[in-house]
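Good morning, and thank you for making the time.

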Amino acid sequence: MPSLQESKLAFIGGGNMASAIIGGLVSEGVNKQNIYVSEPWDVNRDKLAAVGVRTTTVNSEAGADADIVIIAVKPQVTKGVCEELGASWTQRQTLPVVVSIAAGITLNSLQEWSRTSDGRSAHVVRVMPNTPALVGEGASGAFASADVTAAEKELVNSLLSSVSKATEWVDKEELLDVVTGLSGSGPAYFFAMVEHLVASATSLGLSQEQATRLATQTCLGAGKMLVESSDEPGQLRKNVTSPNGTTYAALQTFEALGFKETVDKAVKAATSRAAELGNTLAK
Ligand SMILES: NC(=O)C1=CN([C@@H]2O[C@H](COP(=O)(O)OP(=O)(O)OC[C@H]3O[C@@H](n4cnc5c(N)ncnc54)[C@H](OP(=O)(O)O)[C@@H]3O)[C@@H](O)[C@H]2O)C=CC1
Ligand SMILES: O=C(O)[C@@H]1CCC=N1
């Protein structure tokens, strides 16, 4: 098995998530000539070509001699893409490791859809990354099919580690849907929070620019404390909250309006949607 630096990587789909991972890989020093992206939309393709990676519009061309093929298209088009790739690999003796980042799509579907014309199926790893991969701060969950070897798992691990600070291998496939509801979709929860904080502070008189700088740095600072402090999140919260002070007033308001229940329902909605996508598209 080649190392990550020696491996040929193919991305099928060059949208938001593929661009984030590719950006992370390139800034980690992965050879751009070893990254080949297939993307139908010229705007996305041109952006990736500007980064210096190889591009094409033909999926089978990108995947022809790749060691790892990363399926980074929407769940709804994953079946067609896998069928196209599987058929094109019939002449290959050694099949690539397939890494799918499509929310919800099961290992079973991925292996069935990507069978070669002579009935062989690739070793598949399902991964749920997130967009902070672009700045080397991603969080990823992963689950491998039983036939994935230790060396293949290690290769995928080093791919993920180059863009993720936390890579969690889960021991049941369904848990990847929970990872999707937590960290896959999670960056959007924090972005929405910052949007609302800025809107609120702006309505109270701060300029948009000042409010954005303060809210953004607060988010980064809190995140850094969560990573670096030995205290639990609950303790860090308590450290900010003076008795009957300002934070207490805000947190009481959150609580009275059902903050915990809202977060719980939102994570469960995202988790269920991931499972639903997998079930609906399995046919
Ligand atoms: N965005 C995120 O935060 C995360 C996304 N994911 C998963 O990653 C996958 C991609 O999501 P995201 O990057 O946001 O989506 P995007 O729509 O940004 O990217 C998908 C890309 O695939 C292209 N595409 C469409 N059809 C084909 C095809 N047949 N062959 C090759 N490329 C094709 C699309 O082109 P065109 O626009 O022309 O259709 C588009 O550029 C999804 O399955 C999603 O569940 C996982 C974790 C996080
Ligand atoms: O919203 C979505 O479906 C994708 C999966 C996780 C993040 N974005």
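Before the first annotation, a word on its origin: UniProt positions are given in the numbering used here, feature names are shortened, and annotations may be inferred rather than shown by experiment. This is a predicted model, in which local features need pLDDT of at least 70 and side-chain atom pairs count only at pLDDT 80 or more, while totals for chains, interfaces and linings use all residues. Residues are numbered from 1 along each chain as its sequence is written, chains are lettered from A and ligands numbered from 1 in the order in which they are written, and side-chain values use heavy atoms, with hydrogens and water left out.

Let us turn to the site. An unreviewed UniProt entry places the feature "binding site" at I12, G13, G14, G15, N16, M17, A72, V73, K74 and P75. These residues span 64 residues in sequence, yet no two of their C-alpha atoms are more than 14.1 Å apart, so they gather at one spot. The lining of the second largest pocket includes I12, G13, G14, G15, N16, M17, A72, V73, K74 and P75. For the pocket search, a 1 Å grid is laid over the protein atoms alone; a cavity is a set of points where a 1.4 Å probe fits but cannot get out, a pocket is an open set with protein on both sides within 12 Å along at least five of seven lines, and lining residues have an atom within 4 Å of a point.

G14 sits in the loop between strand 1 (9-12) and helix 1 (16-27). Here helices (H or I, at least four residues) and strands (E, at least two) are DSSP runs, numbered from the N terminus. Is G14 buried or exposed? With a relative accessible area of 0%, G14 is buried. The scale is as follows: buried means under 20% relative accessible area, exposed over 50%, and partly exposed in between, using a 1.4 Å probe and protein chains only. Not counting residues up to four places away in sequence, G14 touches S19, V37, S38, E39, N44 and L48, where contact means heavy atoms within 4.5 Å.

P75, by comparison, belongs to helix 4 (residues 75-88). P75 is also buried, at a relative accessible area of 11%. Once neighbours within four places in sequence are set aside, the contacts of P75 are A102, A103, I105, L277 and L281.

I come now to the ligand. Which residues come nearest to ligand 1? Of the 22 residues around ligand 1, they are N16, M17, E39, N44 and V73; a residue is near a molecule or strand if one of its heavy atoms lies within 4 Å of it.

A polar backbone atom of V73 is 2.7 Å from an oxygen atom of ligand 1. An N or O atom in the side chain of N44 is 3.0 Å from an oxygen atom of ligand 1. N59 places a polar side-chain atom 3.0 Å from a nitrogen atom of ligand 1.

N44 links this picture to the site. The residue lies in helix 2 (residues 42-51) and counts as buried at 14% relative accessibility. Beyond four places in sequence, N44 touches G14, G15 and E39.

T90 is buried, at 17%, and its side chain reaches the backbone oxygen of A87 at 2.9 Å.

Phi of N244 is near 55°, a positive value in a residue other than glycine. At 68% relative accessibility, N244 counts as exposed.

Finally, the whole chain. It has 12 helices and 8 strands, and its C-alpha atoms fill a box of roughly 70 × 35 × 35 Å along the principal axes. Of its 283 residues, 40% count as buried. Residues 24 or more positions apart account for 68% of the contacts with a separation of 6 or more.

Terms used:
A polar contact is a pair of N or O atoms within 3.5 Å; within protein, one must be able to donate a hydrogen and the other to accept it, and residues adjacent in sequence count only if both atoms are side-chain atoms.
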